[in-house]
Amino acid sequence: MTNPSDSYPMRLQRFLARAGVSSRRGSERLMTEGRVRVNGTVVTELGSKIDPLRDEVSVDGKVCTLADRHCYLLLNKPAGYLTTMSDPYGRPTVADLVPVDEYPGLYPVGRLDADTTGCLLFTTDGRVGQNLLHPSHNVDKTYIACISGSLSETEISALEHGVEMDGCTAAPARVEVIEAGDRRLVPVRPDGLREREQVVSLTVHEGRKHQVKRMFFAVGHLVKSLHRARFGPLEAGSIPEGSWRLCTDAEIDALFSAAGLERGG
Ligand code: URA
């Protein structure tokens, strides 16, 4: 996970708008009127950028901050993007898909594998992000997995009771078979035989690396594709893949509650 204290340069007029000083246009006017200072120096140039976490911006002598205006947004992550805010090899990352310039300090809460799609929460609020990931808060995540073969009753029971995987025991999961194996026959094998697949919903609260893939592997099935349909109170719903939307006020309330925090507290 990217450190929430990482910051991004942003246009001064955008910063002023986000800090609630004025609209973007109004902020430009304040700048050209010479009423805006950055670290004590008047800045009138409209393209000027600042680092919101390090520079002090004031208007008519009053310091402006973004501190109390955290952002919570939900991305419907497509496959092929790494969950990191930057990649030394220049591969596509989720930072390419969210408005990092507009919301400095935005970072993903937890991680989805590059080939996993679905719900990924971003926030500038390190306290909420950290609490949502902390095991003590047991935040449920629901995944829709397409797996090889089909689960037996014994395997479902193992997942529901806590399956052994690589020397540890996964916490009990909720399992729901969405599409029965015998209705999903895929002609993939070189010998011409058809391979069974099954679509299963798995709800877990743990978030270890490759958690879901390892749980299915532990009962003898490979995950062919994985989608996170729900993260705590959030659902990707109608967000198109690769797009994001700001969380609603009710969703932010629910996130605080899931994180064991009082909003405004
Ligand atoms: N479990 C996985 O195996 N992969 C993910 O991306 C998320 C959960």
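Helix 5 (residues 211-218) contributes three residues to the shell around the ligand, the most of any element; helices here are DSSP runs of H or I with at least four residues, numbered from the N terminus. The model is predicted, so local features need pLDDT of at least 70 and side-chain atom pairs pLDDT 80 or more, while totals for chains, interfaces and linings use all residues. Residues are numbered from 1 along each chain as its sequence is written, and side-chain values use heavy atoms, without hydrogens and water.

The shell comprises Leu112, Asp113, Thr116, Tyr143, His210, Gln211, Val212, Lys213 and Leu226, each with a heavy atom within 4 Å of the ligand. Four are nonpolar, three polar and two charged. Domain 2 (72-135 + 233-258) and domain 3 (140-231) both supply shell residues, so the ligand lies between them. The domain bounds come from an automatic or database assignment.

A polar side-chain atom of Thr116 lies 2.8 Å from a ligand oxygen. Taken alone, the ligand exposes 230 Å², of which the protein buries 96% (Shrake-Rupley method, 1.4 Å probe).

Conventions. Polar contact = N/O pair within 3.5 Å; in protein donor to acceptor, adjacent residues only side chain to side chain. Helix = DSSP H or I, 4+ residues; strand = E, 2+ residues; numbered from the N terminus. Nonpolar A, V, L, I, M, F, W, Y, C, P; charged D, E, K, R; others polar.
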